[in-house]
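The structure is shown first.

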Amino acid sequence: AVQTNQGENMNGSKLLIAYFSWGGNTKHIAEKIQSQTGGDMFRIETLTPYPADYNETAYGIAKKQHEEGTLPPLKDNGDVSQYDIIFIGTPAWWHEMAPAVKTFITSNDFAGKTIVPFITHGGGGEYTIHEDMTKLSKGANVLKPLVIFGDGNSHTDDEIKDWLKQIE
Ligand SMILES: Cc1cc2nc3c(=O)[nH]c(=O)nc-3n(C[C@H](O)[C@H](O)[C@H](O)COP(=O)(O)O)c2cc1C
């Protein structure tokens, strides 16, 4: 569900921070972005939750979904219609965005909107997630992603501040 804050700033644009997070890293970064922008928050969650066990999730379900290109159903597809700028956060899962994020993007209309990706990873970096989001979100302007290893470090707040300059 959408948590409403002021939701509006950055020259009157309405901001949404949508993210998927299994282990908490991407959630942590989403919260940092929220505290600097005041955007509304939306947590992307699959209808069937992933198991808490790493191997079961990573090598079982997520790997299979990656190989088969599955779009897992979500608890709530969200609604981006009232927003101008949508931050989309994902962990790198098997060299791409998490399947739930694909479902979120393909079940919303991003035409004419701005997407600002943020990615957390375990050492592999951003892969082709920027290009993949551009292809999936037909008609959106997809800006430069923020790319964070794990849940960040003591420079992360400054990095977010610099990265946000592209939308000011
Ligand atoms: C299913 C799964 C697949 C992953 N695949 C990759 C990968 O391909 N490359 C990488 O650098 N890290 C990979 N990781 C590590 C995560 O991207 C990293 O820990 C991320 O920060 C997790 O975000 P979260 O805590 O919000 O879920 C994977 C983790 C999981 C659970």
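In which crossing does H1 pass H5, right-handed or left-handed? H1 passes H5 in a right-handed crossing; a crossing is left-handed if the near helix is turned anticlockwise from the far one by less than a right angle, and right-handed if clockwise. The contact is made by Lys32, Ile33, Gln36 and Thr37 of H1 and by Thr156, Asp157, Ile160, Lys161 and Leu164 of H5, where contact means C-beta atoms, placed from the backbone, within 7 Å.

This is a predicted model: local features need pLDDT of at least 70, side-chain atom pairs count only at pLDDT 80 or more, and totals for chains, interfaces and linings use all residues. Residues are numbered from 1 along each chain as its sequence is written.

Helices (H or I, at least four residues) and strands (E, at least two) are DSSP runs, numbered from the N terminus. Helix H1 covers residues 25-37 and helix H5 residues 156-164; they pack at an angle of about 60°, with their axes 10 Å apart.

Strand S5 (residues 85-93) is largely enclosed by the rest of the structure, because nine of its nine residues are buried (20 or more other C-beta atoms within 10 Å of a residue's own, C-beta atoms being placed from the backbone). Strands pair if DSSP finds at least two bridges between them.

| Partner of S5 | Sense | Bridges |
|---|---|---|
| S3 (residues 13-19) | parallel | five |
| S7 (residues 114-121) | parallel | seven |
| S6 (residues 96-97) | antiparallel | two |

Ile17 stands opposite Phe87 in S5. Ile86 has Ile115 in S7 as its bridge partner, and Ala92 has Met97 in S6.

Definitions and conventions:
Axes fitted to C-alpha atoms, helices over the stretch in contact; angles between N-to-C directions. Contact = placed C-beta atoms within 7 Å. Buried ≥ 20, exposed ≤ 12 C-beta atoms within 10 Å, placed from the backbone.
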